[in-house]
Amino acid sequence: MPSTNQCKNCEKSFDGSFDYCPYCGQEKADNLTFGVLFSNTISNYFSIDARFFKSFIPLMTKPGVLARRFVDGKRLSYLHPAQFYLFISVVFFFIFSFSIRKADNKFTQVLKKGFSKEITIDSLLVEKDSIGLELAKKALKENQALTGVSDEDLRAIDSVISARQKGPDVSFSFQRGVLDSLIVIDAPQAEKLKAMGLKEDAGTITQKFYVQMLKFYEQQGGGILKTLYDTIPITMFLMLPLFAFLLKLFYLKRGTFAHHMVFSFYFFTFLFTSFCILIVANAILGIPTWLEVLVFLSFIVYLTLALRNFYKSSWVGAFFKASTISFIYMMFIVPIAISGVIMVSFMLY
């Protein structure tokens, strides 16, 4: 009777002559040593690294070919499209984080200046205007009989002049002075919100919005850009299926939705890779604006070639669909996504 072994990983029994568990693939001899630990780690790393470069070159030089190969079944030699996308997106947002830190610091400084800046009228202008207005008012009184101006008209003119000398009434929609006082004495949040104009019968969403406004005011907008940045990766991942949905609409009979997702993963991976190169090149060399515009226009050329190679469509059809898909995506989906990101970022701020 042949001997059997029980796998320590999946706990299933298998033939003792096997070196590996046929159910989960774990090695029968579970001898975890220091050498085994690091040899496996290094081996796995270089295995992924080799597949990465084998996938990276055709992705950048042969649009749509890598996705076509993966859909056709050649998958073990290349990095999985979702894994490839996640890896490149992590690299992109890591590089982009350095730019966003600088932008966030500058943006925060501008906001703080805006919050702390007192709107005043130049004292010299006020004094000059006041003298002129007083002389005009005196002249009207002295020549009241000649001008025919009544006492009531003089009082009205006097009130207008007095209001003009006080300066413009510049204020927020809420009593800023009262709110500032409540913040200084660390008053309860309910009192601060009431000073901002929040009604007692306001709904949950309205209350949440006022709470975020108060937080934004107290922190003078500091860190709002970073919150926006933290929301972008999730939004981009959610926008990817929308791109695949557009492909499905234009290529109804050219594969399943999963096939369109494979194409979308690789295409967005290409975009993120291009953005990484642009950011690094711009930081080192300084790329002119016209060249950046040219690079963005080249994305349509890449998409045209990718659609032709992946869906085996004609040149005219590929160009028309690439242009139309790009137009719909940039004019409708992206603006909606940006609005959503701003709103979500503000509510999570």
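# Helices, rings and a nonpolar core

Trainee: Which residues does Thr 304 touch, not counting residues up to four places away in sequence?

Mentor: With those neighbours set aside, Thr 304 touches Trp 315, Ala 318, Phe 319 and Ala 322. Keep in mind that this is a predicted model. Thr 304 itself has its place in helix α12.

Trainee: Why does Thr 304 count as buried?

Mentor: Buried means under 20% relative accessible area. Thr 304 has 7% relative accessibility, so Thr 304 counts as buried. In α12, Phe 299, Tyr 302, Leu 303, Ala 306 and Leu 307 are also among the buried residues.

Trainee: What makes the span of helix α11 agree with its number of residues?

Mentor: Helix α11 runs over residues 257-284, and its 28 residues should span 40 Å at 1.5 Å a residue. The end C-alpha atoms of α11 are 41 Å apart, so the two values agree. Just after α11, Gly 286 has a positive phi of about 85 degrees.

Trainee: Thr 269 is found in helix α11 too. Why does Thr 269 count as buried?

Mentor: The relative accessibility of Thr 269 is 0%, and the cut-off is under 20%, so Thr 269 counts as buried. Leaving aside neighbours within four places in sequence, Thr 269 is in contact with Leu 59, Pro 81, Phe 84, Tyr 85 and Ile 88.

Trainee: What about Phe 263, and why is Phe 263 called buried?

Mentor: Phe 263 has its place in helix α11. The relative accessible area of Phe 263 is 2%, under the 20% cut-off, so Phe 263 is buried. Beyond four places in sequence, the residues that Phe 263 touches include Ala 67, Phe 243, Leu 247, Leu 303 and Leu 307. Phe 263 and Leu 307 are 44 residues apart along the chain, and their C-alpha atoms are separated by 8.8 Å.

Trainee: Which residues touch the most other members of the largest nonpolar core?

Mentor: That core has 50 residues, and Phe 243, Phe 263 and Leu 307 touch the most other members. Helices α1, α2, α3, α10, α11, α12 and α13 each supply at least two residues of this core. The largest share, 12 residues, comes from α11. Apart from this core lies another, of seven residues, including Leu 193 and Met 196.

Trainee: What makes Phe 52 and Phe 53 an aromatic pair, and of which kind?

Mentor: Ring centres must lie within 6.5 Å, and those of Phe 52 and Phe 53 are 5.3 Å apart, so the rings pair. Planes over 60 degrees apart count as edge-to-face; here the angle is 80 degrees, so the pair of Phe 52 and Phe 53 is edge-to-face. The structure holds 30 aromatic pairs.

Trainee: Are Phe 52 and Phe 53 buried, partly exposed or exposed, and how do you know?

Mentor: Phe 52 has a relative accessible area of 13%, under 20%, so Phe 52 is buried. Phe 53 has 44%, which lies between 20% and 50%, so Phe 53 is partly exposed.

Trainee: How do you know that Lys 321 lies over the face of Tyr 251?

Mentor: One condition is that NZ of Lys be within 6 Å of the ring centre. Lys 321 is at 4.0 Å from the ring centre of Tyr 251. The charged end of Arg 75 also sits over a ring, that of Phe 70, 5.3 Å from its centre.

Trainee: Why is Cys 7 in no disulfide?

Mentor: A disulfide needs cysteine sulfur atoms within 2.5 Å. For Cys 7 the nearest cysteine sulfur, that of Cys 24, is 3.5 Å away, so Cys 7 is in no disulfide. The structure holds zero disulfides. Cys 7 has 6% relative accessibility, so Cys 7 counts as buried.

Trainee: How many helices and strands are in the chain?

Mentor: The chain has 13 helices and two strands. Of its 349 residues, 31% count as buried.

Definitions and conventions
Residues numbered from 1 in each chain as written. Predicted model: local features only at pLDDT ≥ 70, side-chain atom pairs only at ≥ 80, totals over all residues. Heavy atoms only, no water. Phe/Tyr/Trp six-rings, centres within 6.5 Å; stacked < 30°, edge-to-face > 60°. Buried < 20%, exposed > 50% of the residue type's maximum accessible area, 1.4 Å probe, protein only. Lys NZ or Arg CZ within 6 Å of the ring centre and 35° of its normal. Helix = DSSP H or I, 4+ residues; strand = E, 2+ residues; numbered from the N terminus. Expected span 1.5 Å × (residues − 1). Contact = heavy atoms within 4.5 Å. Core = buried A, V, L, I, M, F, W, Y, C linked by side-chain atoms within 4.5 Å.
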